[in-house]
Amino acid sequence: LSGSLMSLYSEGELGRVAVRGCVQFSLRYDPAKKELQVHVLRCRELAEAKKQRSDPYIKTYLLPDKSNRSKRKTAVRKRSLDPVFNETLKYKLEKRDLQGRTLNLSVWHHDSLGRNLFLGEVEVALGTWDWANTRPEWFSLQPRMPIPSDGLASRGNLNLALKFIPAGSEGAGMPPTGELHIWVKDAQSLIPLQSGTVDAFVQCYVLPDDSKASRQKTRVVKRSLNPLFNHTMVYDGFQAKDLAEACAEFTLWHHEAFSKHQLGGIRLSLGTGSSYGLPVGWMDSTAEEQGVWKQLLQQPGHWVEALLPLRTN
């Protein structure tokens with residue numbers, strides 16, 4: 001287990017207690033503050049960690065982020081099986097970024113020697129939560145859930161714009177061939193592969209050409225989950241009929257000294273599954289990605305704006 005997973009699931013705990021009891025909390029999203037607020041009220045009938053007592057506290061993570069950056073804790077309530085917390089744990093994020101996130105709320109007995117005991121947990125899928133409901137609700141505490149695999153559909157969003165300029169459309173025979181202009185603006189709400197932050201760059205190919213000549217990259221933006229690239233790329237030699245067979249593939253990477261790790265990507269194409277009559281795996285654009293590419297072909301000479309999820313598949 002990595003250190004962050006050890007923190008999430010064991011917290012240095014030695015020994016176990018049978019999980020029982022329930023926890024009362026409410027969820028609210030404040031659009032003005034761009035903040036998720038988890039208001040923890042109380043627990044009832046907790047298990048005894050030792051001799052008819054527990055010293056409970058509550059810890060939360062916004063999964064799939066298991067890093068310390070995602071961890072929040074209440075104060076410890078001494079000697080109580082029915083503790084009252086009345087504390088609000090807060091997360092700063094855009095409301096759209098709650099899709100695909102799960103609130104993991106767990107109750108622990110605090111031990112002065114660091115041998116904290118797990119007393120139960122609750123998980124709430126935030127993508128399906130009714131945000132009109134801000135009332136406190138009771139949730140039964142559950143035994144430990146298995147460590148989730150990182151089945152994350154997206155690791156953030158990529159903000160870009162594209163424009164196709166047909167040959168000769170700007171007068172005096174310019175441009176001599178059709179040009180695809182790409183403006184990589186920024187990425188938003190990135191979820192790091194491990195704890196901490198991301199040193200991000202974006203790489204682009206216009207497939208089927210996957211040669212070095214087709215590869216273009218932005219600069220690396222260090223230590224940011226919302227990196228601003230403001231980078232333009234130009235690919236020439238295209239006709240509109242070529243773009244119908246092509247796919248603009250963008251991948252976002254975390255840069256390290258001797259390696260790089262892909263967080264996710266997008267593929268803009270018509271999503272036909274084939275290119276120039278041959279079946280290809282990379283013509284797999286989602287409906288949203290296909291819509292951007294269709295708009296590009298239908299509106300030559302105009303910028304097409306897109307904010308798309310960086311998918312992990």
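Student: Is Lys50 buried or exposed, or partly exposed, and what is its relative accessible area?

Tutor: Lys50 is partly exposed, at a relative accessible area of 39%; buried means under 20%, exposed over 50%, and partly exposed in between, with a 1.4 Å probe and protein chains only. Before going on, a word on the source: this is a predicted model, where local features need pLDDT of at least 70, side-chain atom pairs count only at pLDDT 80 or more, and totals for chains, interfaces and linings use all residues. Residues are numbered from 1 along each chain as its sequence is written, and side-chain values use heavy atoms, with hydrogens and water left out.

The average pLDDT (the predictor's confidence in each residue, from 0 to 100) is 88, and 93% of the residues score at least 70. Residues 1-14 stay under 50. Where pLDDT is low, the predicted coordinates should not be read in detail.

Back to Lys50: you'll find it in the loop between strand S2 (35-44) and strand S3 (56-63). Helices (H or I, at least four residues) and strands (E, at least two) are DSSP runs, numbered from the N terminus. Leaving aside residues up to four places away in sequence, Lys50 touches His109 and Asp111, contact meaning heavy atoms within 4.5 Å. Leu152 is 102 residues from Lys50 in sequence, and their C-alpha atoms are 38 Å apart.

Now the charged pairs. The whole structure has 12 salt bridges, each a side-chain nitrogen of Lys or Arg within 4 Å of a carboxyl oxygen of Asp or Glu. One of them joins Glu94 to Lys34, with the closest N and O atoms 3.2 Å apart. That pair links distant parts of the chain, 60 residues apart: Glu94 sits in the loop between strand S5 (84-92) and strand S6 (102-109), and Lys34 in the loop between strand S1 (22-30) and S2. Glu94 is partly exposed at 27%, and Lys34 is partly exposed too, at 40%.

Another bridge pairs Arg77 with Glu87 at 3.3 Å, N to O. Arg77 is in the loop between strand S4 (72-73) and S5, and Glu87 is in strand S5, so the bridge ties together parts 10 residues apart in sequence.

Then there's Glu289 with Arg311, at 3.0 Å, N to O. Here helix H3 (residues 287-298) supplies Glu289 and strand S18 (residues 304-311) supplies Arg311, 22 residues apart. Glu289 is buried at 2%, and Arg311 counts as buried at 12%. Shared partners join Glu289 and Arg311 with Glu249, Arg267 and Asp284 into one salt-bridge network.
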